[in-house]
Amino acid sequence: MFKPAERLATLPTPATIAMAARARELKAQGKPVISLALGEPDFPSPNAALEGAVAEVRAGHTGYPPIPGQKPLLEAIAAKFKRDNGLDVSLEQLMVCNGGKQAIFNAFMASLNEGDEVVVPAPYWVSYPLIARMFGGVPVEVPCREEDGFRPQAEAIRAAITLRTRWLVLNFPNNPTGAILERADLEAIAAVLRDAPHVMVMSDEIYEHLTFDGKAHLSLLNVAPDLAERVLIINGMSKAYAMTGWRVGFACGPVPLIKAMIKVQGNATSGICTLAQGGAAAALREDMAGVQAMRATYERRRGVVVGALQQITGLSCAMPQGAFYAYPGLSALMGMHSAGGRLLKDDVAFAEALLEEAHIATVPGSAFGYGPHLRLSFAAADAELAEACERLKDFVAGIK
Ligand code: PLP
């Protein structure tokens with residue numbers, strides 16, 4: 001009889017994946033499910049990416065790739081860091097991975113020993129604590145406060161750091177809250193890090209291009225270049241370029257860490273599909289017009305969705321400043337019953353009732369370490385979003 005490894009035994013299935021699976025089941029039964037559960041852009045990938053992939057095949061680049069990534073893509077990534085972040089990086093500081101997710105996996109596998117602590121501000125993207133735990137890491141949550149706009153406070157980070165802390169994870173623009181960090185936030189965090197020289201920083205900037213209200217993303221290294229030897233930037237093609245299925249992400253960090261991550265990757269995947277790398281390089285070399293057009297669409301949808309949520313009595317919803325998620329709070333509705341008679345004891349029960357009764361798939365905030373909330377992705381078609389807002393309004397109106 002198969003018995004999973006101990007390191008997997010206590011690892012839950014991420015709620016994002018569980019929700020999407022139940023939504024698929026209901027859809028297969030013919031239910032009119034609207035899925036706002038996954039962080040998946042609803043745009044096609046850029047033409048340049050398609051052409052770049054085809055060119056790669058035509059050029060006969062169908063053998064094993066170099067493990068860290070193909071040179072033209074590494075060069076395009078270095079140029080991207082210069083263009084978008086004002087950072088000068090060498091090719092040795094870069095590697096291409098199967099999505100940003102594998103970059104995180106590589107980094108934790110390459111660095112964590114049993115009992116090492118990973119400080120993660122909550123709410124957080126589900127995968128940081130899960131991946132850390134796979135390698136014996138101990139996630140240490142630092143709750144952010146809604147009244148601080150879900151931005152972590154430097155002193156709370158300082159209080160969470162111990163001698164066992166290996167990493168601080170920063171993900172801004174944030175999934176699930178859409179919070180972004182201002183210069184003052186980053187300066188305060190940098191000051192804490194200067195007092196804790198044993199702590200590395202994983203800065204996941206995968207939503208960097210999706211910022212709203214004229215705000216621009218700032219990287220920690222823009223305000224604290226002195227920390228370069230301790231900062232690993234995670235990024236990728238999935239979100240801004242609508243290239244989730246291509247599985248191209250990348251990491252930029254200190255050379256010894258990147259070397260260790262390449263060692264992990266060499267034993268895991270032997271590198272990234274050459275076609276996907278050709279496509280990603282071509283997309284990165286394009287001007288930013290396509291990305292900007294998608295960003296503007298998300299900003300418009302954010303206004304529609306969050307505007308509608310703010311009109312629903314019982315929900316509280318801050319305006320996200322980036323990414324493509326709304327994160328309404330549900331505390332006023334906890335302990336009540338849905339029209340279908342389900343006890344809404346927590347946000348998981350709320351999300352389940354919403355899926356079963358109104359056929360809207362979302363993710364409960366507790367999956368991100370911060371409930372009772374709900375995460376709704378507005379990376380979906382306008383008509384679906386409008387219909388989902390109507391159904392949500394009726395669902396909440398039916399709560400007693
Ligand atoms: N980082 C964050 C914050 C995310 O939300 C995601 C995807 O949902 C990823 C990284 C990983 O994306 P990918 O592996 O598709 O590059």
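1. Basis of the note. The structure is a predicted model, in which local features need pLDDT of at least 70 and side-chain atom pairs count only at pLDDT 80 or more, while totals for chains, interfaces and linings use all residues. Residues are numbered from 1 along each chain as its sequence is written.

2. Overall build. The protein chain holds 14 helices and 12 strands, where helices (H or I, at least four residues) and strands (E, at least two) are DSSP runs numbered from the N terminus. Its radius of gyration is 21 Å, close to the 21 Å that the globule rule gives for 400 residues, so the chain is as compact as a globular protein of that length; the radius is taken over C-alpha atoms, and the rule is 2.2 Å times the number of residues to the power 0.38.

3. Among contacts (C-beta atoms, placed from the backbone, within 7 Å) with a separation of 6 or more, 71% join residues 24 or more positions apart.

4. Two domains. The domain assignment, which is automatic or from a database, gives domain 1 (6-44 + 290-397) and domain 2 (47-285). Contacts between them involve 31 residues of domain 1 and 32 residues of domain 2. On the side of domain 1 that touches domain 2, helix 12 gives the largest share, 6 residues, and the residues of that side divide into 18 nonpolar, 7 polar and 6 charged. Here Ala, Val, Leu, Ile, Met, Phe, Trp, Tyr, Cys and Pro count as nonpolar, Asp, Glu, Lys and Arg as charged, and the others, Gly among them, as polar.

5. Helix 13. The 12 residues of helix 13 (residues 347-358) should span 16 Å at 1.5 Å a residue, and the end C-alpha atoms are 15 Å apart, which agrees; the expected span is 1.5 Å times one less than the number of residues. Buried residues in helix 13 include Phe 350, Leu 354 and Leu 355. Just after helix 13, His 359 takes a positive phi of about 60 degrees.

Terms used:
Buried ≥ 20, exposed ≤ 12 C-beta atoms within 10 Å, placed from the backbone. Contact = placed C-beta atoms within 7 Å.
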